[in-house]
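Hi everyone, thanks for coming. Let me put the chain up on the screen, and then we can walk through it together.

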Amino acid sequence: MQQRRLGSQGLQVSAIGLGCMGMSQSYGPADEQQSVATIHRALDLGVSFLDTADMYGPFTNERLVGRAVAGHREEVVLATKFGNQRRPDGSWVGINGRPDYVHQACDASLQRLGVDHIDLYYQHRVDRSVPVEETWGAMAELVQAGKVRFLGISEAAPATLRRANAVHPVTALQSEYSLFTRDPEGELLDTVRELGVGFVAYSPLGRGFLTGTVTSTDGFTENDFRRTAPRFQAENFDRNLEVVERVRRLAEDKGITAGQLAIAWVLAQGDDVVPIPGTKRVAYLEENVAALQLRLDQEDLAAIDQAAPRGVAAGERYLPWQLANVNA
């Protein structure tokens, strides 16, 4: 398995990771046995960078990942997050970056995961009511206590990233990045590289859209969040489907799937970029990992850029209330 370096503090991860959220929420019914088998297959393939968060489930995803990696701890780079506070019944509390909560959330995650330390601990969303310096001061204390090895932040604006990094080195910024979401290009990626921060790309498959297998919303179950996601609605869906078809044709010409082309494109954006496509099925995992073998030349990249230029996706990536703490 190829390795990539995240940040300048020495964290090495597999060049592709595994997003585990969908094993517990947002993408239809959960199947723990299937999900654990997928995680085990990921480890067999050398995909050691696993991504979860306390809010996924809520709380159930960390427990699932913890059970799956039991006995394999030394093989895993374990990333989790705090800051999106939910109650056990799933109801929403809010964004929480208070220092006391940082410590509480970390201890709870360690217990659910069944580990004595977290490799990469992210502030999941920035709390606009708490100076990021205060949140990161508490996060730095977790590193000093040995509970966390490296620190990250998700969906933060360039200025916020600089402020956090001034308190403690930021190892990774995690943000959505795909052919459908090229927002990080420009100031954010420039800032990441100036500061020596790694970039973790979540939803590199556009929430499954870029696989080319989503041709209708009829099959989405009641608990699939894409039923209300803007890019999957009415005219937006039809327009985005046209983009996917262009990507699919380019992939077909190369004898690969649209999803593999989409992942290969993200990988080609720099050695400091690590995509973490999510899946709960072994077959899709294996397909995603195979994208590592692809090499896109300048002609390929130009053709992809023409098929899916920056800003091409129709519709916002989140509902308005979900966007409130994005790019904070």
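Let's begin with surface: accessible areas come from the Shrake-Rupley method with a 1.4 Å probe, and for residues, only the protein chains shown count as cover. By that method the chain exposes about 13400 Å², with carbon and sulfur atoms supplying 47% of it. Please keep in mind that this is a predicted model, where local features need pLDDT of at least 70 and side-chain atom pairs count only at pLDDT 80 or more, while totals for chains, interfaces and linings use all residues. Residues are numbered from 1 along each chain as its sequence is written, and side-chain values use heavy atoms, leaving out hydrogens and water.

Now, how much of the chain is buried? Of its 328 residues, 56% count as buried, meaning under 20% relative accessible area (1.4 Å probe, protein chains only).

On to the inside. A nonpolar core is a set of buried Ala, Val, Leu, Ile, Met, Phe, Trp, Tyr and Cys residues joined through side-chain atoms within 4.5 Å. The largest one here has 83 residues, and Leu-18, Ile-39, Leu-50, Tyr-121, Ile-153 and Phe-199 have the most contacts inside it. Take Leu-50: leaving aside neighbours within four places in sequence, Leu-50 is in contact (heavy atoms within 4.5 Å) with residues including Leu-18, Ile-39 and Val-65. Another core, of 16 residues, lies apart from the largest one, and Tyr-318 is among its members.

Finally, contacts along the sequence. Among those between residues at least 6 apart, 75% join residues at least 24 apart. And the C-alpha trace spans about 55 × 40 × 40 Å along its principal axes.

Key:
Buried means under 20% relative accessible area, exposed over 50%, partly exposed in between (1.4 Å probe, protein chains only).
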